[in-house]
Amino acid sequence: MKYLSDVIREAIFTERSTKLSDTQNAYTFKVDPKASKIDIKRAIEDAFDVKVDHVRTMLVRGRSVSRWSRGGWVSGSKASWKKAIVKLQPGHTIDFV
């Protein structure tokens, strides 16, 4: 991976991710599915100027969806994506302003 924007797609702000950042100093990001933990660690350290303790990753499977359209029921699926939970070393924080 060459560029930070290739690895980090966006930050995730949910109730659980906010609780993790407050209690455990861990932040959640949507990342490129091909990115390794080492790529994610380097990208976070370069983008936010912090020290990463460890990275946990998981693949979020896309769910199937069905909806009513003019022509009848249409079914499909949402895209699968990769989530990374990054725990920072003590004394480091990321400020999303």
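Below are questions and answers on one predicted model.

Residues are numbered from 1 along each chain as its sequence is written. Local features need pLDDT of at least 70, side-chain atom pairs count only at pLDDT 80 or more, totals for chains, interfaces and linings use all residues, and side-chain values use heavy atoms, with hydrogens and water left out.

User: Which residues of the largest nonpolar core touch the most other members?

Analyst: A nonpolar core is a set of buried Ala, Val, Leu, Ile, Met, Phe, Trp, Tyr and Cys residues joined through side-chain atoms within 4.5 Å. Buried means under 20% relative accessible area, exposed over 50%, and partly exposed in between, with a 1.4 Å probe and protein chains only. The largest core has 16 residues, and those touching the most other members are Phe29, Ile40, Ile44, Val86, Leu88 and Ile94.

User: Which elements give two or more residues to this core?

Analyst: Elements are DSSP runs numbered from the N terminus: helices are H or I with at least four residues, strands are E with at least two. By that rule the contributors are strand S2 (26-31), H3, strand S3 (52-60) and strand S6 (81-88).

User: What does phenylalanine 29 contact beyond its neighbours within four places in sequence?

Analyst: Contact means heavy atoms within 4.5 Å. Among the partners of phenylalanine 29 are Ile8, Glu10, Ala11, Ile12, Lys82, Lys83 and Ala84. The list also includes Ile44, Phe48, Val86, Ile94 and Phe96.

User: Is threonine 28 buried or exposed?

Analyst: Threonine 28 sits in strand S2. Beyond four places in sequence, it contacts Ala11, Ile12, Ser17, Leu20, Lys83, Ala84 and Ile85. At 7% relative accessibility, threonine 28 is buried.

User: How far apart in space are valine 31 and lysine 82?

Analyst: Valine 31 also belongs to strand S2. It is buried at 2% relative accessible area. Not counting residues up to four places away, valine 31 touches Val7, Arg9, Ile40, Lys82 and Ala84. Valine 31 and lysine 82 are 51 residues apart in sequence, yet C-alpha to C-alpha they are separated by 5.6 Å.

User: How many salt bridges are there, and which residues form a salt bridge?

Analyst: A salt bridge needs a side-chain nitrogen of Lys or Arg within 4 Å of a carboxyl oxygen of Asp or Glu. The count is one. With closest N and O atoms 2.7 Å apart, the partners are arginine 9 and aspartate 32.

User: Why does the pair of arginine 9 and aspartate 32 tie together separate parts?

Analyst: Arginine 9 is partly exposed at 48%, whereas aspartate 32 is buried at 11%. Arginine 9 lies in strand S1 (residues 8-11) and aspartate 32 in the loop between S2 and H3, so the parts tied together are apart in sequence by 23 residues.

User: How many bridges join S4 to strand S5?

Analyst: Two strands pair if DSSP finds at least two bridges between them. S4 and S5 (residues 72-77) run antiparallel, and a hairpin of two residues joins them. Serine 64 stands opposite serine 77. The bridges number six.

User: How many of the six residues of S4 are buried?

Analyst: Valine 65 is in S4 (residues 64-69) and is partly exposed at 28%. Its contacts beyond four places in sequence are Val74, Ser75, Gly76, Ser77 and Lys78. S4 lies largely in the open, because its number of buried residues is zero.

User: What is the phi of asparagine 25, and what is the phi of aspartate 49?

Analyst: Asparagine 25, in the loop between helix H2 (15-23) and S2, is buried at 16%. Aspartate 49, in the loop between H3 and S3, is exposed at 68%. Neither is a glycine, and phi is positive in both. For asparagine 25 phi is near 60 degrees; for aspartate 49 phi is about 55 degrees.
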